[in-house]
Amino acid sequence: MSSTSPIEQLEPTHTLSGGLPVVVRRRPGPEILAARLVIRGGSGADPALRRGAHQLLAGVMTRGCGALDADALADTVEGAGAGLRADAHEDALVVGLKCAADDAGTLVPLLLDLVRHPRLEADQVDLERQLNLQALMRHREDPFQLAHDQLRGLLYGEGPYGHDPLGVDADLEGITSEDLAKLTTGLGLEGSVLAICGSVPANLVDLLERPLAGVPWPTHLPAPSPHQAPSRPHGGNLAALEENTEQLVLMLGCPTVPLGHPDALALRLLQAHLGLGMSSRLFLVMREERGLAYDVGVSLPARCGPAPFVMHLSTSADRAAEATACLAEEWQRLLDSPLDGPALALARAKYLGQDAMGRQTCGQIAERQALVLSHGLPAHYVEDCLERAALLEGTDLQAAARRWLTQPSLSLVGPGQALKAATAAWEASGLSLRPV
């Protein structure tokens with residue numbers, strides 16, 4: 001049975017002049033709405049030597065568009081008590097809006113102006129660039145972020161997912177307003193979608209057509225990305241960075257599959273089993289039973305390409321070897337043993353609960369619908385996954401793990417002695433001997 005309630009049923013998709021699909025979900029309740037415009041591309045499409053260009057463009061978009069300069073746009077949005085944000089993710093440039101329903105006619109059409117007519121004034125580009133450079137500087141002070149960036153390099157090298165969406169300092173310094181203007185000409189060519197949820201005015205689609213009058217935006221509903229087996233860089237499966245800290249950060253991961261791949265659901269259930277909540281396998285074993293971890297978890301972001309499946313933890317420097325060995329053992333356990341009945345039932349329950357918690361607000365619903373459609377998947381994809389989750393067995397999850405998790409790479413950040421101990425423990429594990 002589908003878990004979608006009647007108030008959330010998908011209405012027929014409207015297509016604006018030029019091809020932009022608009023998906024509307026009407027919900028009773030407070031007179032508010034959320035809109036999310038997702039444009040395929042993102043930091044994975046940053047030009048060579050211009051890493052960070054799409055995130056810089058996203059930030060500058062909210063600093064003026066059309067007839068509105070930075071101050072006028074801020075007054076228009078903030079004066080209505082609304083929230084407007086634009087970001088570049090690995091696979092998309094995303095613009096989000098939350099506002100009162102009475103202001104939707106004025107504010108929602110602004111999303112199209114942001115994308116099609118950003119002002120890209122040099123002083124605003126410089127200001128946004130400095131903010132991004134400062135964010136990158138803060139990243140270099142965070143051992144967790146350093147470990148994450150290091151693992152990125154191990155898994156993806158110089159590929160589209162090989163750098164943070166914020167970019168690289170040297171590249172950011174050289175990006176000009178002209179570079180950003182060139183990027184805007186390609187926005188939407190790979191597809192885009194606008195999802196709106198809440199108390200939606202009846203004439204909103206007509207209002208969206210006004211900025212397109214005479215100058216339609218050529219775009220379309222995104223198509224699914226063909227899955228390609230991850231191409232691993234030739235740099236080994238271990239990277240270590242010495243930092244003068246009292247903790248060791250470990251990240252163990254593999255590139256896997258895109259959202260929509262037949263194995264994506266099985267990997268998502270493994271993520272729930274390993275890292276979701278205080279009853280998760282890693283929390284119980286590594287924190288409660290053995291006291292090895294200050295923080296532990298598992299990430300599996302939605303991607304159009306090979307998404308990273310990553311176990312991460314931070315531990316005290318004097319327990320580096322034990323924590324590394326335990327993390328490797330838990331990874332190996334996924335490959336050697338299928339989940340038993342109770343563990344699988346708990347993973348399913350967590351997956352269902354996480355889905356329910358992720359569609360409580362208009363913003364969450366718009367975000368999820370835009371995410372699914374921007375990956376070229378059907379609108380009912382999530383509901384189909386909820387039904388399929390009940391049919392997967394522990395052996396199905398193990399088979400998916402054996403297909404995608406057999407060649408993990410390890411990223412370490414911490415003090416020198418801890419790095420040596422962790423490296424020795426890693427080299428003693430069977431995982432380190434697997435070819436990459």
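Across which strands does helix 10 lie? In this predicted model, local features need pLDDT of at least 70 and side-chain atom pairs count only at pLDDT 80 or more, whereas totals for chains, interfaces and linings use all residues. Residues are numbered from 1 along each chain as its sequence is written, and side-chain values use heavy atoms, with hydrogens and water left out.

Helix 10 (residues 264–275) lies across strand 9 and strand 10 (308–316), and runs at about 15° to strand 10. Helices (H or I, at least four residues) and strands (E, at least two) are DSSP runs numbered from the N terminus; angles, from 0 to 180 degrees, are taken between N-to-C directions of axes fitted to C-alpha atoms, for helices over the stretch in contact, where contact means heavy atoms within 4.5 Å. Helix 11 (residues 281–289) also lies across strand 9 and strand 10, at about 155° to strand 9.

These strands belong to an open sheet of five strands, in the order 7-11-8-10-9 with mixed pairing; two strands pair if DSSP finds at least two bridges between them. Strand 7 (238–242) and strand 9 (295–299) are the edges, each pairing on one side only. Within the sheet, strand 8 (residues 247–255) and strand 11 (residues 409–414) run antiparallel and are joined by five bridges. G253 stands opposite S409 in strand 11.

The protein contains 17 helices and 11 strands. Its mean pLDDT (the predictor's confidence in each residue, from 0 to 100) is 92, and 95% of its residues reach 70 or more.
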